[in-house]
Amino acid sequence: MTIAMFDKTVSFLSKALDVMSLRHQIISSNIANQDTPNYKATDIKFHEELESALKANGTMAIQKTDPKHMAPGDPYAPAAAGNIFMRPDGAGYDGNNVNAELEMAYMAKNTIMYDAAAQIVSGKLKALSSAIKDAR
């Protein structure tokens, strides 16, 4: 989601919130599959996604090169799908490499970062709302 009428911080944080939301889904999937034989934990290259958001200045240049590809802007296509990878952690006796405690730590860190970014965006929107009300 790009918000052109706001400053670059809001556009960047909007992209960051999208990536953190996707990471939350990935971590939740890992936790849900902790007892699934041969399941491999996945994650997202978070910093690479944020760097690409900075370089793209809040916009994404996506091209559809095959009729079978999802269309740009498709809400069901994760924007960061290219940066999702399997964690190289060692597998357990059943081939599953999910460490529930580690996943919960990743979830807690992601939640804290999400809440902080959401508070910053909220503060900027409240400031804009206040400026609009004062102008009346």
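Both Arg23 and Asp43 are buried, where buried means under 20% relative accessible area, exposed means over 50%, and partly exposed covers what is in between (1.4 Å probe, protein chains only). This is a predicted model, in which local features need pLDDT of at least 70 and side-chain atom pairs count only at pLDDT 80 or more, while totals for chains, interfaces and linings use all residues. Residues are numbered from 1 along each chain as its sequence is written, and side-chain values use heavy atoms, with hydrogens and water left out.

Back to the pair. Arg23 makes a salt bridge with Asp43, and the closest N and O atoms are 2.8 Å apart; the term stands for a side-chain nitrogen of Lys or Arg within 4 Å of a carboxyl oxygen of Asp or Glu. This pair links distant parts of the chain, with Arg23 in helix H1 (residues 8-32) and Asp43 in strand E1 (residues 42-44), 20 residues apart. Helices (H or I, at least four residues) and strands (E, at least two) are DSSP runs, numbered from the N terminus.

Asp43 has another partner too: it forms a salt bridge with Arg87, with 3.0 Å between the closest N and O atoms. Asp43 lies in strand E1 and Arg87 in the loop between strand E2 (84-86) and H3, so this pair ties together parts that are 44 residues apart in sequence. Arg87 is buried, as is Asp43. Arg87 in turn meets Glu103, side chain to side chain, in a salt bridge of 2.1 Å, N to O. With Arg87 in the loop between E2 and H3 and Glu103 in helix H3, the pair ties together parts that are 16 residues apart in sequence. Arg87 and Glu103 are both buried. Put together, Arg23, Asp43, Arg87 and Glu103 are linked in a network of salt bridges. A search of the whole structure turns up three salt bridges. As background, side chains of opposite charge can pair when their charged atoms come close.

Arg23 also has an aromatic neighbour. Its charged end sits over the ring of Tyr106, 5.4 Å from the ring centre; the rule asks for NZ of Lys or CZ of Arg within 6 Å of the ring centre and within 35 degrees of the ring normal.

Now for the overall layout. The protein has three helices and two strands, and from the N terminus on they run α-β-α-β-α. Of the 136 residues, 27% are buried. Among contacts (heavy atoms within 4.5 Å) with a separation of 6 or more, 77% are between residues 24 or more positions apart. The protein exposes about 9100 Å², with carbon and sulfur atoms supplying 58% of that; accessible areas come from the Shrake-Rupley method with a 1.4 Å probe, and for residues only the protein chains shown count as cover.

Ala16 is found in helix H1 and is buried, at a relative accessible area of 3%. Ala16 and Tyr114 are 98 residues apart in sequence, yet 8.1 Å apart in space, C-alpha to C-alpha. Asp115 and Leu17 are likewise 98 residues apart in sequence, with 9.1 Å between their C-alpha atoms. Asp115 lies in helix H3 and is partly exposed, with a relative accessible area of 42%.

Further along H3 (residues 100-135) comes Ile132, which is partly exposed at 45% relative accessible area. Leu125, Leu128 and Ile132 form a nonpolar patch on the surface, with about 230 Å² of accessible area together. Patches are made of residues with over 30% relative accessible area and no salt bridge, where like charges are joined within 9 Å and nonpolar side chains (Val, Leu, Ile, Met, Phe, Trp, Tyr) within 5 Å.

Ala91, in the loop between E2 and H3, is 53 residues from Asn38 in sequence and 8.1 Å from Asn38 in space, C-alpha to C-alpha. Ala91 counts as partly exposed, at 48% relative accessibility, and touches Lys40, Asn96 and Asn97, leaving aside residues up to four places away in sequence. Asn38 lies in the loop between H1 and E1 and is exposed, with a relative accessible area of 55%. Asn38 is not a glycine, but has a positive phi of about 65 degrees. Most residues other than glycine have a negative phi.
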